[in-house]
Amino acid sequence: MTTTTDHTGDRTSDPSGDRRRVLQDALGLLKDREETAARLLDSSAKHSFDPDKELDWDAPLVDGAYYMPPELLSLYDTPLWKRMGEEQRVELSRHEAASLASLGIWFEIILMQLLVRHIYDKPLTSNHVRYALTEIADECRHSMMFARMIQKVGAPTYPVSRLNHNLARVLKTVSTTPGSFACTLLGEEILDWMQRLTFPDERIQPLVRGITRIHVVEEARHVRYAREELRRQMLTAPRWEQELTRISCGESARVFSLAFVNPAVYENVGLDRREAVAQVKASGHRREVMQTGAKRLTDFLDDIGVLRGVGRRLWQSSGLLA
């Protein structure tokens with residue numbers, strides 16, 4: 001990875017507080033931070049949604065429709081799955097969708113705090129800060145949308161374990177700026193991959209398809225913002241901060257993979273919890289789904305130098321990286 005100045009040698013400050021430099025990594029030249037934010041603000045103005053008005057929350061749920069594509073469910077193609085009837089499989093999808101929505105809310109609350117910390121020292125009138133505030137507003141709506149979905153489908157909430165809850169409390173307190181954006185992408189990109197398979201699938205509840213469509217459209221901007229900023233940070237942050245980012249990102253991947261489906265889901269659909277967890281861990285299909293969902297992200301992190309050393313080994317132990 002390299003950092004170069006422009007041909008004029010101009011290194012004066014720009015409106016976002018950056019020095020005027022041409023930054024380049026293995027993926028090529030980085031775009032100007034303010035220009036990127038301006039484009040994202042324009043896209044937000046044209047393609048943002050109010051879920052309370054956009055979705056028909058009063059429409060009845062469709063009998064027999066899944067809440068997630070069966071192939072994305074944790075037990076798909078396991079011996080337990082083959083013994084389950086269709087009704088129990090649909091019920092599993094309802095509870096896994098609620099578990100995933102609960103995880104999403106937890107993660108988005110963390111993300112909002114990290115974004116507020118990121119902009120605390122940035123120029124308040126810059127496009128970069130304006131877009132961060134726009135994204136925070138998006139995430140507020142998403143969290144409320146997911147909570148309303150859980151209530152609508154009649155499922156319980158599925159909080160992460162107390163240990164993971166407190167690990168995240170530490171992480172968001174000590175996280176560096178590049179670490180924050182790396183963790184942001186971890187939570188956004190795998191869920192985004194799953195939701196891109198969900199919203200066009202006619203086997204899925206119409207309400208869930210509508211929710212995932214909104215989330216996919218708006219999260220595309222969030223991913224772009226986080227990717228561009230993480231690239232910038234991995235070029236400009238001190239070496240110790242880059243190393244800490246690799247470790248914290250790897251540990252976050254490990255926690256995220258463990259928290260992806262709350263084991264209480266299995267008990268609530270009438271399955272033996274220990275047997276279900278063991279079969280998920282042994283499932284080659286599940287491992288392939290998770291690694292495929294993470295591949296676009298892990299390729300990107302590898303290209304920009306995040307997947308190195310201890311951090312890479314943590315990613316491999318999470319099961320998200322082959």
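**Getting to know this predicted model**

Q: Hi! What does the accessible surface of the protein come to?
A: About 15000 Å², with 53% of that belonging to carbon and sulfur atoms (Shrake-Rupley method, 1.4 Å probe; for residues, only the protein chains shown count as cover). This is a predicted model, where local features need pLDDT of at least 70 and side-chain atom pairs count only at pLDDT 80 or more, while totals for chains, interfaces and linings use all residues. Residues are numbered from 1 along each chain as its sequence is written, and side-chain values use heavy atoms, leaving out hydrogens and water.

Q: And what percentage of the residues is buried?
A: Of the 322 residues, 53% are buried, meaning under 20% relative accessible area (1.4 Å probe, protein chains only).

Q: How many residues are in the largest nonpolar core?
A: There are 86, and L92, L230, F260, Y266, L301 and W315 touch the most other members. Such a core joins buried Ala, Val, Leu, Ile, Met, Phe, Trp, Tyr and Cys residues through side-chain atoms within 4.5 Å.

Q: Which helix gives the largest share of this core?
A: Helix α4, residues 86–119, with 16 residues. Helices here are DSSP runs of H or I, at least four residues, and strands are E runs of at least two, numbered from the N terminus.

Q: Back to W315: what does W315 touch?
A: Leaving aside residues up to four places away in sequence, its partners include L186, C249, A253, L301 and L321. Contact means heavy atoms within 4.5 Å.

Q: New topic: how many helices and strands are there?
A: The protein has 13 helices and three strands. Its C-alpha trace spans about 70 × 45 × 30 Å along the principal axes.

Terms used: Buried means under 20% relative accessible area, exposed over 50%, partly exposed in between (1.4 Å probe, protein chains only).
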